[in-house]
Protein chains: 2
Amino acid sequence: MINNKDIEFISNKLEFWNSLTSLEQKQIINRSQSLPYLKGKSVYGGLDDCRGLIIVKKGQLRTYILSESGKEVTLYRLFKDDICVMSASCALNNMNFDLYIEAEKDSEIILIPTDIYSQINQKNIEVQKFTNSVTLTRFSDVMWIMEQILFMSFDKRLAMFLLEQSSIENSDTIHMTHEDIAKHMGSAREVVSRMLKYFQNEGFVRTERGSIILTNRKKLQSITF
Amino acid sequence: MINNKDIEFISNKLEFWNSLTSLEQKQIINRSQSLPYLKGKSVYGGLDDCRGLIIVKKGQLRTYILSESGKEVTLYRLFKDDICVMSASCALNNMNFDLYIEAEKDSEIILIPTDIYSQINQKNIEVQKFTNSVTLTRFSDVMWIMEQILFMSFDKRLAMFLLEQSSIENSDTIHMTHEDIAKHMGSAREVVSRMLKYFQNEGFVRTERGSIILTNRKKLQSITF
């Protein structure tokens, strides 16, 4: 059961809300939950963990894939107002890949359980359209990352990553170790350290223990073109 | 306009066929085309080339992405009976990545033009479900390739590629140059040649001008585990 503020929030975010019957709206309201996740906590753990549809109220979630050996690669992030249908995997016909989602900052989400979501998705074409549209947004995100990995040289990728991260942290200082960055980029620490050393020599950044400071944003941006 | 045999074919392949009105069925029949594509010809050329829904009647299509510098990476293949909705990109809300499709063998397809497909997709929930399901199949294909590229060592990937290619060609002899293989795998010719030389030294394959012969399938398979 969610409160009035949350009801208003989700009715604005879910484009299909007004196409639902009042009974369906009530079912969603009664069964949905507002859940807090502390930084670092797992929000969704792959196909077997079919939670439901997630709407981010605040904070930041990271979606990633995981190799057998424990290597992680970040696919995309979910911010306030973003919606995830992948976490209702078992309601989605033919989705057969594992994704993982964790809270990257202290976060709060609204969770609509899979059975309710699946029920309205089966019956209501507006919900289907919405599902399809959100799926294609994530598919596009993944294709973008894939093209980056396959086609872009590492200096360009790293420069883009640093600029993006700086904009997320809203600061010129990025609080991450080389290891952290390597994890996000699906690369190795050595490769990241080598390129950061080059960036430092060129005066683009200054590296300190546990953080990187962007000292010449303009030059960093020029690499990305 | 397609003939009776083609009508029977598509009515079997399109799960939503019986949920269409007879007018909608007639529109599809009247507007669809059966098109031949010789090996090597382009079937779909990215977002600006929004053709429609494709059903493969015979042959083999290759779906790939393309970098600015012309580098290609194969994402998945479409065989007889396979369906592609990505080629109706402009009918799909939020699809914003470029894919390319070419005939890898002499092929024949049925094309349902985008405007007709989009029209029934907007109105009919069974068509939406079908669209969503086909989209997620391709999304899963892409995730599989992505995990291969990110997480799998190159010997494993190459062994799997050779075995898959041999099964597609239905022969122990694969008619491809090292350059061709590199193109398919998003790798460089030198990397492929080096690994093939290693495979040859181990007695897994024998390389000849323009082809690779699998000489020890069992050992090649053992690498892939």
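Visitor: What share of the 225 residues of chain A count as buried?

Guide: Happy to start there: in this predicted model, 53% of the residues of chain A count as buried. The cut-off for that word is under 20% relative accessible area.

Visitor: And what is chain A built from?

Guide: Chain A has eight helices and 11 strands. Its C-alpha atoms fill a box of roughly 65 × 35 × 30 Å along the principal axes. Among contacts in chain A with a separation of 6 or more, 71% join residues 24 or more positions apart.

Visitor: Why is A:Thr21 called partly exposed?

Guide: Let's set the value against the limits. Buried means under 20% and exposed means over 50%, with partly exposed in between. A:Thr21 has 43% relative accessibility, so this residue counts as partly exposed. A:Thr21 lies in the loop between helix H1 (4-13) and helix H2 (22-31) of chain A. Its C-alpha atom is 9.9 Å from that of A:Asn124, although the two are 103 residues apart along the chain.

Visitor: Which residues have the most contacts inside the largest nonpolar core?

Guide: They are A:Leu14, A:Met86, A:Leu99, B:Leu14, B:Met86 and B:Leu99, in a core of 108 residues. Take B:Leu14 as an example: leaving aside residues up to four places away in sequence, B:Leu14 touches B:Leu53, B:Ile55, B:Ile83, B:Ile112 and B:Phe130. As a general background, nonpolar side chains tend to be buried together in soluble globular proteins.

Visitor: How do you know that a two-fold axis relates the chains?

Guide: Chain A is superposed on chain B by a rotation of 180° with 0.0 Å of shift along the axis, at an RMSD of 0.0 Å. That is the relation of a two-fold axis. In chain A, the C-alpha nearest the axis belongs to A:Ile125, at 2.4 Å.

How values were computed. Residues numbered from 1 in each chain as written. Chains lettered and ligands numbered in written order. Predicted model: local features only at pLDDT ≥ 70, side-chain atom pairs only at ≥ 80, totals over all residues. Heavy atoms only, no water. Helix = DSSP H or I, 4+ residues; strand = E, 2+ residues; numbered from the N terminus. Buried < 20%, exposed > 50% of the residue type's maximum accessible area, 1.4 Å probe, protein only. Core = buried A, V, L, I, M, F, W, Y, C linked by side-chain atoms within 4.5 Å. Contact = heavy atoms within 4.5 Å. Least-squares fit on C-alpha atoms with pLDDT ≥ 70 in both.
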